[in-house]
Amino acid sequence: MGGGPRTFPGGLSKWQYKRMHEKLARQKQRGLLRHEKQLYLARLRSEIRASRLPAAGPDPPPTEGPTSSRAHIRALADRFRKPGAEDLWNEDDGPLRRAKQPSTRIPPAVQQQQQRLDSGRPRGGANWKDWEELAREQPRTRVEAAPGGKGPSLAAFNPKREYRTVAPLRSHWSSASLGFFGPKRRYSVMSPCTVSWHLGDELRPLGAANAGNRSEAAAMALFNQERLYSVAARRFGRKWRPHSSSDEDQDGTSTPKRNLRFGKFGASSEEDSEIDETGDRGTIRRRWSSAALRNCDMKKERRVLKSYEEENNDLAVRIRELREEIKNREVLGTERRRYESKGESLLTSKRFDECGISPLTVKALTDAGYVQTTVVQEAALPICLEGKDVLIKAKTGTGKSAAFLLPAIESVLNAMKSNTNHRVSPIFALVLCPTRELAIQLTAEANVLLKYHEGIGVQSLIGGTRFKLDQRRLESDPCQILVATPGRLLDHIENRSSFSVRLMGLKLLVLDEADHLLDLGFRKDIEKIVDSLPRQRQTLLFSATIPKEVRRVSQLVLKRDHIFVDTVGLGAVETPTKVQQSCLVVTHELHFHMIHRLLREHIDREIDYKVIVFCTTAMVTEFVYIMLRDLKLNVREIHSRKPQLYRTRISEEFRDSNRLILVTSDVSTRGVNYPDVTLVIQVGAPPDREHYIHRLGRTGREGKSGKGILLLAPWEEYFLNEIGDLPIEKYPAPDIDQEMKQKVDDSIKIVDMSIKEAAYHAWLGYYNSIADIGRDKTTLADLANRFGTSIGLEKPPAIYRKTALKMGLKDVPGIRIRK
Ligand SMILES: Nc1ncnc2c1ncn2[C@@H]1O[C@H](COP(=O)(O)OP(=O)(O)OP(=O)(O)O)[C@@H](O)[C@H]1O
């Protein structure tokens with residue numbers, strides 16, 4: 001790939017540098033997988049536990065010993081079930097620094113109740129019911145023993161984080177622990193923590209080791225605890241290390257200090273579980289093991305409980321934020337409904353000159369006909385211009401491109417004010433997108449917005465062009481904003497150290513079509529790219545679809561305190577409202593006849609028609625294109641098998657004209673803005689729901705109307721389950737007259753046999769990769785052969801043994817292997 005430099009930063013050779021990057025990416029990938037696994041396990045555990053709980057009934061007492069079982073399970077289960085709960089590493093888990101535990105005096109009422117319970121409870125017996133009662137009657141606040149008092153202390157209880165809190169512990173609770181450690185079911189939810197408490201003026205550990213002073217019940221408690229911890233430790237594959245030592249009581253009785261702790265339970269439990277011996281001895285002190293959330297919430301850094309005041313403050317801030325969010329949503333929702341019901345575009349009343357962007361940019365926007373912002377621009381601009389990380393979801397064709405290009409220009413302007421002494425300017429803003437067409441389009445759009453900004457340049461870096469030429473262009477022309485596809489960008493990062501150096505000045509990273517870029521196909525490249533960028537940067541993620549997994553994975557690139565803006569709204573339809581969606585189910589044998597019929601009908605009805613036909617693979621696209629061309633339709637093709645220059649030319653032609661049909665593969669699925677498309681036909685089941693939405697989004701842009709038809713074979717109807725929530729009408733297939741059928745059959749015949757064979761192979765590969773179909777290989781082979789017949793293949797073409805092996809198709813009836 002082009003002649004790169006001999007040395008790389010740090011005096012590394014090209015291969016060392018490359019290996020280093022690969023190693024880093026591998027490590028990150030492993031970390032990610034580990035997190036995903038932990039998350040999954042945690043979810044399973046909490047679900048199982050939650051399902052074992054008694055069905056209804058009042059909430060369990062807030063404090064019930066270190067186990068705090070039901071509250072803990074509920075909290076976990078609730079948390080995992082909440083929409084958006086996939087984000088386990090949220091701020092609720094507390095700050096990363098150690099916060100002091102505030103102490104509060106026990107209110108007199110509590111003390112009275114405690115005394116009442118004390119007197120009613122035999123020293124050696126656990127009286128769980130009493131504690132339940134007491135707990136129920138108490139407000140959920142942290143209560144600690146009065147200094148020097150003998151009374152028990154109620155652990156901090158934060159309603160927001162029940163699973164982290166610990167039950168009230170009493171000085172004579174060694175036996176009481178029998179109660180709450182008793183039932184085995186409770187073991188698993190105990191938060192391992194070191195507990196010590198005061199008797200008189202002395203610190204007394206739980207579980208006295210001195211046999212002379214130890215009651216039988218206390219011994220039982222100790223036994224139970226040991227059992228408990230070892231059971232828990234075994235379950236999680238970690239060792240627990242009991243630390244025993246002896247302290248002398250003031251009254252001469254010796255009380256052993258048993259400091260129970262896990263060696264490495266969850267995150268660094270060691271420090272967390274130490275008894276704090278420096279503080280006030282009159283108060284009960286605890287430090288919480290991060291194992292309270294077990295490994296399911298493990299982080300590299302240790303989390304510590306927030307202080308009471310801090311939490312209250314946080315809570316207040318959170319409530320305020322939520323209120324604002326709800327208000328914003330309402331405003332956005334009303335705005336959207338207003339425009340949609342009026343049948344207008346998605347423009348809001350806010351003008352660009354009110355958004356705090358440079359007057360020169362506003363001038364360029366006005367020239368381009370942009371005066372008012374769209375909903376997504378109105379929502380995104382203030383947050384992006386504040387410098388925050390954002391994840392934004394907005395429907396297709398609603399102006400997301402400008403929503404991130406404008407902040408990109410602003411960040412360049414700001415950076416250029418402070419960075420004036422560079423010979424070659426750093427790249428201040430980097431926009432990543434999945435396809436070349438989209439990169440070219442975004443570059444053109446950025447150029448429009450930069451019309452009056454002299455000295456600021458935008459360039460694209462995409463595959464299919466000459467590496468050396470790119471290199472020269474990057475060095476000679478101004479480039480403060482770079483729009484790139486991941487593969488080619490990575491080539492430059494790995495092979496041009498001067499390019500990597502330029503990226504070190506980066507201020508803003510944008511991932512357009514973020515869900516696709518963070519998908520498995522791109523993720524490795526994205527990780528490598530992100531590794532080579534400065535950490536101090538702003539990151540913006542945009543897409544029309546953001547599946548839950550993507551929200552979680554987005555943490556790879558976004559800061560923890562990023563903002564999620566959803567202009568679509570929970571439960572709202574994700575497709576443009578003015579696009580009429582329908583589905584036709586037709587047997588394979590008639591698929592191509594049906595495409596022809598639908599196109600003819602549409603052309604007859606729409607004078608200025610502009611149609612996109614999406615096919616499943618590049619080779620099927622080519623087949624359909626040749627067939628339609630032979631049927632005398634005004635048709636063009638774009639797919640990955642075509643040279644880039646051709647693709648660019650066709651793309652531009654289709655953008656600027658009408659009365660044209662574009663047959664394309666998924667290279668045109670996302671982001672590409674072809675104005676005034678009147679109809680989108682999707683032939684065959686799309687790979688997933690997101691593909692369906694993005695393909696359909698090529699029509700009905702800017703609030704205009706459009707039509708979408710999904711053409712499925714009967715066995716592809718499973719896909720309708722994935723898009724069941726979208727307003728799709730299923731229609732019976734119209735008849736095809738004999739004359740038309742014959743015409744199509746003739747056109748199929750003229751397609752070259754090699755293209756048909758390649759189409760068969762591609763078809764087989766595509767559906768083999770779709771889990772719903774690819775699982776049953778015999779059926780798949782049968783369906784592939786039917787497809788082969790429908791495109792005029794007399795017998796299924798043979799495939800290479802190696803390919804068959806890879807696809808799991810060896811020895812499958814109906815699959816021919818090449819000798
Ligand atoms: N404020 C505006 N005023 C007028 N037209 C606008 C405005 N913002 C965007 N547009 C136009 O809306 C169309 C769609 O914009 P854009 O391509 O940015 O949509 P998108 O949300 O990125 O779509 P996709 O999800 O498909 O990527 C474009 O033709 C663009 O010129």
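Biologist: How far is the side chain of Ser-401 from an oxygen atom of the ligand?

Modeller: In this predicted model, an N or O atom in the Ser-401 side chain is 2.7 Å from an oxygen atom of the ligand.

Biologist: And what is the distance for Asn-673?

Modeller: An N or O atom of the Asn-673 side chain lies 2.8 Å from a ligand oxygen atom. Glu-702 also has a polar side-chain atom at 3.1 Å from an oxygen atom of the ligand.

Biologist: How much of the ligand does the protein bury?

Modeller: The protein buries 91% of the 630 Å² that the ligand exposes when taken alone.

Biologist: Which residues around the ligand come nearest?

Modeller: There are 19 residues around the ligand, and those that come nearest are Tyr-370, Lys-400, Ser-401, Asn-673 and Arg-701.

Biologist: How do the residues of that shell divide into nonpolar, polar and charged?

Modeller: The shell around the ligand has 3 nonpolar, 10 polar and 6 charged residues. At least two residues of the shell come from strand 9 (372–374), and at least two from helix 11 (400–418).

Biologist: Back to Tyr-370. Where is its place in the chain?

Modeller: Tyr-370 sits in the loop between helix 9 (359–367) and strand 9.

Biologist: Is Tyr-370 buried or partly exposed?

Modeller: Tyr-370 counts as partly exposed because its relative accessibility is 31%, whereas the cut-off for buried is under 20%.

Biologist: What does UniProt list for residues 350–378?

Modeller: The unreviewed UniProt entry lists "short sequence motif: Q motif" for residues 350–378.

Biologist: How far apart are the end C-alpha atoms over residues 350–378?

Modeller: They are 7 Å apart, and the chain over residues 350–378 is 45% helix and 17% strand.

Biologist: Changing topic to helix 12, what should its residues span?

Modeller: Helix 12 (residues 436–449) has 14 residues, so at 1.5 Å a residue it should span 20 Å. Its end C-alpha atoms are 20 Å apart, which agrees.

Biologist: Which residues of helix 12 are buried?

Modeller: The buried residues of helix 12 include Leu-438, Leu-442, Ala-446 and Leu-449, and also Glu-437 and Glu-445.

Biologist: What about helix 19, how far does it reach from its first C-alpha to its last?

Modeller: Helix 19 (residues 591–605) reaches 21 Å over its 15 residues, close to the expected 21 Å. Among the buried residues of helix 19 are His-591, Phe-592, Met-594, Leu-598 and His-602.

Biologist: Now the loops. Where is Gly-505 found?

Modeller: Gly-505 is in the loop between helix 15 (497–503) and strand 14 (508–512). Gly-505 counts as buried because its relative accessibility is 17%. The C-alpha atoms of Gly-505 and Pro-534 are separated by 7.4 Å, although the two residues are 29 residues apart along the chain.

Biologist: And in which loop does Pro-547 lie?

Modeller: Pro-547 lies between strand 15 (538–543) and helix 18 (548–553), in the loop there. With a relative accessible area of 18%, Pro-547 is buried. Its C-alpha atom is separated by 8.4 Å from that of Glu-690, 143 residues apart along the chain.

Technical notes:
Residues numbered from 1 in each chain as written. Predicted model: local features only at pLDDT ≥ 70, side-chain atom pairs only at ≥ 80, totals over all residues. Heavy atoms only, no water. Helix = DSSP H or I, 4+ residues; strand = E, 2+ residues; numbered from the N terminus. Expected span 1.5 Å × (residues − 1). Buried < 20%, exposed > 50% of the residue type's maximum accessible area, 1.4 Å probe, protein only. Near = heavy atom within 4 Å. Polar contact = N/O pair within 3.5 Å; in protein donor to acceptor, adjacent residues only side chain to side chain. Areas by Shrake-Rupley, 256 points an atom, 1.4 Å probe, with all protein chains shown as cover. Nonpolar A, V, L, I, M, F, W, Y, C, P; charged D, E, K, R; others polar. UniProt positions renumbered as here; feature names shortened; annotations may be inferred.
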